[in-house]
Amino acid sequence: MDTLTENTTNTTNTAWVDDSWLDTIVVIGITCFVRCLMGLSKVPSAKMGVIYGIIGMLCLIFGYWFDENYTYGHGTWLIAVCIAPGLVIGIASALSVQMTGLPEMVACYNGFGGLAAALEGIGLYLDPEATSFVR
């Protein structure tokens, strides 16, 4: 009788106990990104490609946001604070830039991505122990 009660008490929702739920969300997000790139290769399917890209990005952001191994302490509010300015700037620039100005806007965004990678590299160079927060 003791083993029966042990088995019923240990059958909690194991999808949230281990990282299999996060692996599933990552696979869904990456699949959506692949579908995004496939859709963006042709004009008739470009709109659906953008939608797949949005779904993939949301899956990955929220998947890592709710995983306690990737958010240090109570860092979920910090992620929201960091996403908010980029969201506001992205929406404002998307509404204000004309189609002929898209290459310059993409180049500017790529430049900011390179700047972020350079700042992260400098930070890790100055404090090599900063990687202890990553699993």
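The expected span of a helix is 1.5 Å times one less than its number of residues. Helices (H or I, at least four residues) and strands (E, at least two) are DSSP runs, numbered from the N terminus. The model is predicted, so local features need pLDDT of at least 70 and side-chain atom pairs count only at pLDDT 80 or more, while totals for chains, interfaces and linings use all residues. Residues are numbered from 1 along each chain as its sequence is written, and side-chain values use heavy atoms, with hydrogens and water left out.

**Fold**

The protein chain contains six helices and zero strands, in the order α-α-α-α-α-α from the N terminus. Buried means under 20% relative accessible area, exposed over 50%, and partly exposed in between (1.4 Å probe, protein chains only). On that scale, 14% of the 135 residues of the protein chain are buried. A contact means heavy atoms within 4.5 Å. Among contacts between residues at least 6 apart in sequence, 45% join residues at least 24 apart.

**Helix 4 and its neighbours**

Helix 4 has 20 residues, which at 1.5 Å a residue should span 28 Å; the end C-alpha atoms of helix 4 are 28 Å apart, in agreement. Its buried residues are Gly 49, Gly 53, Gly 56, Leu 60, Gly 63 and Trp 65, and these pack against helix 3 and helix 5.

Val 26 lies in helix 3 and is buried, at 17% relative accessible area. Leaving out residues up to four places away in sequence, Val 26 touches Leu 60 and Tyr 64. The C-alpha atoms of Val 26 and Leu 60 are separated by 6.0 Å, although the two residues are 34 residues apart along the chain. Asp 23 is also in helix 3, and is partly exposed at 45% relative accessibility. Between Asp 23 and Gly 63, 40 residues apart along the chain, the C-alpha separation is 9.0 Å.

**The aromatic pair**

Rings of Phe, Tyr and Trp (its six-membered ring) pair if their centres lie within 6.5 Å; planes under 30 degrees apart count as stacked, over 60 as edge-to-face and the rest as tilted. The structure has one aromatic pair. The ring centres of Phe 62 and Trp 65 are 5.4 Å apart and the planes meet at 15°, so this pair is stacked. Phe 62 and Trp 65 are three residues apart in helix 4, a separation of about one helical turn. Phe 62 is partly exposed, with a relative accessible area of 35%, whereas Trp 65 is buried at 17%.

**Pockets**

On a 1 Å grid over the protein atoms alone, a pocket is an open set of points where a 1.4 Å probe fits, with protein on both sides within 12 Å along at least five of seven lines; lining residues have an atom within 4 Å of a point. Grid points are joined across faces, edges and corners, and a volume is the space filled by probe spheres set on the points. For the linings, Ala, Val, Leu, Ile, Met, Phe, Trp, Tyr, Cys and Pro count as nonpolar, Asp, Glu, Lys and Arg as charged, and the others, Gly among them, as polar.

| Pocket | Volume | Lining by class |
|---|---|---|
| Largest pocket | about 550 Å³ | 14 nonpolar, two polar, no charged residues |
| Second largest pocket | about 320 Å³ | seven nonpolar, three polar, no charged residues |

The largest pocket has a volume of about 550 Å³. It is lined by 16 residues, of which Ile 54, Met 57, Leu 58, Ile 61 and Leu 87 are the closest to its centre. Helix 3 (20–39), helix 4 (46–65) and helix 5 (76–96) each give two or more residues to this lining. Helix 4 supplies the largest share, eight residues.

The lining of the second largest pocket consists of Gly 86, Leu 87, Ile 89, Gly 90, Ile 91, Cys 108, Tyr 109, Phe 112, Gly 113 and Ala 116. Here the elements that give two or more residues are helix 5 and helix 6 (102–126).
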